[in-house]
Amino acid sequence: MNQNWHGTLIRHMLLLVTGCLLVGLISGYYGWSLAIGLGLYLGWTLKQLLRLHEWLRQHKPDEAPPDGYGLWGEVFDSIYHLQRRDQRVRGRLQAVIDRVQESTAALKDAVIMLDSDGNLEWWNRAAETLLGLKTPQDSGQPVTNLVRHPRFKEYFEQDNYEEALEIPSPTNDRVRIQLYLTRYGNNEHLMLVRDVTRIHQLEQMRKDFVANVSHELRTPLTVICGYLETLLDNVEEVNPRWSRALQQMQQQGSRMQTLLNDLLLLAKLEATDYPSDNHPVAVQSLLQTIKNDAQALSGERGQHITLEADPSVLLKGSEGELRSAFSNLVFNAVKYTQDKGTIRIRWWADQQGAHLSIQDSGIGIDSKHLPRLTERFYRVDSSRNSNTGGTGLGLAIVKHVLLRHRARLEISSVLGHGSTFTCHFAPTQVTRSLEIATKE
Ligand code: ADP
């Protein structure tokens with residue numbers, strides 16, 4: 001193997017030339033002997049090359065190479081060994097791929113590989129049950145043609161796959177599926193799909209329970225509050241010892257009513273994904289009324305409330321829901337800002353969409369509370385709530401309304417220095433009043 005083929009070749013050539021010269025010496029034709037000798041050598045070399053070419057083209061996987069002499073034999077053997085090694089590596093790789101495919105095929109969750117254009121490349125058996133994919137017909141088809149839910153198309157086309165998407169299964173409306181998308185490699189997508197019907201049903205039961213209880217409590221509470229009001233209207237006829245108790249009962253009664261209303265509003269917001277109306281809302285005038293209400297709420301506390309809003313920026317959505325969300329944020333700023341503090345409301349649009357920011361110089365919130373602030377009944381400090389009469393549901397309502405309007409809430413705050421609540425709306429939700437005028 002490690003023979004010095006360079007030296008051997010030179011030796012062979014020298015032998016050939018010497019042989020030819022000898023024949024030339026005997027025959028007297030030096031030139032012809034040399035030419036014939038070299039010609040024969042060239043012919044033999046070409047024949048070996050042809051044999052190699054023939055073998056490479058037609059040989060069966062395990063067929064040995066043709067026998068060869070000298071350097072040509074060495075070349076045949078080396079190519080054969082290279083091919084065997086390549087086969088062994090490929091065999092090992094195939095075994096690994098088979099194992100991965102077998103294990104993913106056995107998964108209950110669906111695994112789907114998509115190319116950079118979103119066309120189906122490979123999927124496991126669960127994908128056939130959960131998404132109704134058909135092997136092999138659907139291979140190469142765009143995934144958005146097979147999962148036709150409008151929210152999926154929107155989710156697929158966006159760039160941010162941080163959150164999973166929950167939709168009904170295309171094969172069965174009663175099955176809820178959760179989809180996760182991840183990018184990998186050369187902008188290809190990996191999609192994981194889980195059956196979350198059971199969790200969805202439990203969640204639905206919880207929502208229904210809260211909505212039903214709130215609804216059932218509303219009527220008795222209205223009756224109790226009504227009687228309390230009548231009693232307080234005729235307070236002079238009531239035993240004076242009861243007057244304070246009645247006042248407190250009425251206060252707590254109306255607090256409970258606000259709580260039930262908030263719970264019912266939340267239940268309504270959770271029942272559907274998007275608001276039924278999607279008309280352009282004049283945010284500037286909406287904010288103006290909220291600002292006036294906030295001024296009235298602030299009353300004698302003398303807070304300085306300012307509004308800077310671009311009247312040409314309108315928002316597609318439900319005016320009622322937006323009013324609830326925005327007034328919750330502005331009233332919170334009033335509630336949690338000391339007397340004579342400042343509250344600045346701003347509404348503007350740019351390339352990223354439209355933005356509403358409510359900045360106060362109030363008591364602020366410790367950063368450790370910020371991630372949990374929009375949870376229902378989350379209290380930064382329980383003593384604060386009894387003072388302000390809050391239900392603890394305000395920011396949960398804000399979060400849901402914003403989700404339904406393709407927006408997100410950003411909270412930044414420094415304890416003792418104030419807070420800024422900013423709502424960022426996607427450009428798709430924004431219209432300019434000029435555009436409306438031209439359309440009309
Ligand atoms: P609440 O009805 O108690 O105000 P929210 O859900 O509206 O409930 O707010 C949750 C908590 O977040 C409040 O209890 C309060 O501690 C805190 N918070 C909300 N807005 C502000 C603000 N502008 N400044 C300081 N703290 C705030």
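V17 lies in helix α1, where helices (H or I, at least four residues) and strands (E, at least two) are DSSP runs numbered from the N terminus. V17 is partly exposed, with a relative accessible area of 31%; buried means under 20% relative accessible area, exposed over 50%, and partly exposed in between (1.4 Å probe, protein chains only). The structure is a predicted model, in which local features need pLDDT of at least 70 and side-chain atom pairs count only at pLDDT 80 or more, while totals for chains, interfaces and linings use all residues. Residues are numbered from 1 along each chain as its sequence is written, and side-chain values use heavy atoms, with hydrogens and water left out.

**Domain layout**

- The domain assignment gives domain 1 (3-53 + 63-101), domain 2 (107-195), domain 3 (204-271) and domain 4 (279-439); such bounds come from an automatic or database domain assignment.
- The centres of domain 2 and domain 4, taken over C-alpha atoms, are separated by 36 Å.

**Surface patches**

- Patches are made of residues with over 30% relative accessible area and no salt bridge, like charges being joined within 9 Å and nonpolar side chains (Val, Leu, Ile, Met, Phe, Trp, Tyr) within 5 Å.
- A nonpolar patch on the surface consists of V17, L21, L22, L25, I26 and Y30, which together have about 600 Å² of accessible area; accessible areas come from the Shrake-Rupley method with a 1.4 Å probe, and for residues only the protein chains shown count as cover.
- Helix α1 (residues 5-27) gives the most to this nonpolar patch, with 5 residues.
- S33 is placed in helix α2 (residues 30-58) and is buried, with a relative accessible area of 10%.
- From C-alpha to C-alpha, S33 and V17 are 9.2 Å apart in space, and in sequence they are 16 residues apart.
- R84, R85, R88 and R92 form a positive surface patch; Lys and Arg count as positive and Asp and Glu as negative, whereas His and the chain ends are not counted.
- The place of a charge is taken as NZ of Lys, CZ of Arg, CG of Asp or CD of Glu.
- Within this positive patch, R85 belongs to helix α3 (residues 70-106) and is exposed, with a relative accessible area of 51%.

**Salt bridges**

- Side chains of opposite charge can pair when their charged atoms come close.
- A salt bridge is a side-chain nitrogen of Lys or Arg within 4 Å of a carboxyl oxygen of Asp or Glu, and by this rule the count comes to 14 salt bridges.
- K153 and E157 meet through their side chains in a salt bridge (3.1 Å, N to O).
- K153 and E157 are separated by about one helical turn because they stand 4 residues apart in helix α6 (residues 150-157).
- K153 is partly exposed, with a relative accessible area of 42%, whereas E157 is exposed at 54%.
- A salt bridge also joins the side chains of R406 and E154 (3.2 Å, N to O).
- R406 lies in the loop between α12 (394-404) and β11 (407-414) and E154 in helix α6, so this pair ties together parts that are 252 residues apart in sequence.
- R406 is partly exposed, with a relative accessible area of 29%, and E154 is partly exposed at 38%.
- D310 forms a salt bridge with R432, with 3.5 Å between the closest N and O atoms.
- This pair links distant parts of the chain, 122 residues apart: D310 is in the loop between β7 (304-309) and β8 (313-317), and R432 is in strand β13 (residues 430-432).
- D310 counts as partly exposed at 27% relative accessibility, and R432 counts as partly exposed at 33%.

**Backbone features**

- The peptide bond from T135 to P136 is cis, with omega near -5 degrees, and P136 is found in the loop between α4 (125-131) and α5 (143-146).
- K340 has a positive phi of about 70 degrees although K340 is not a glycine.
- The loop between α10 (319-335) and β9 (342-350) holds K340, which is exposed, with a relative accessible area of 63%.
- F377, although not a glycine, has a positive phi of about 60 degrees.
- F377 is found in the loop between β10 (353-360) and α11 (382-388) and is partly exposed, with a relative accessible area of 39%.
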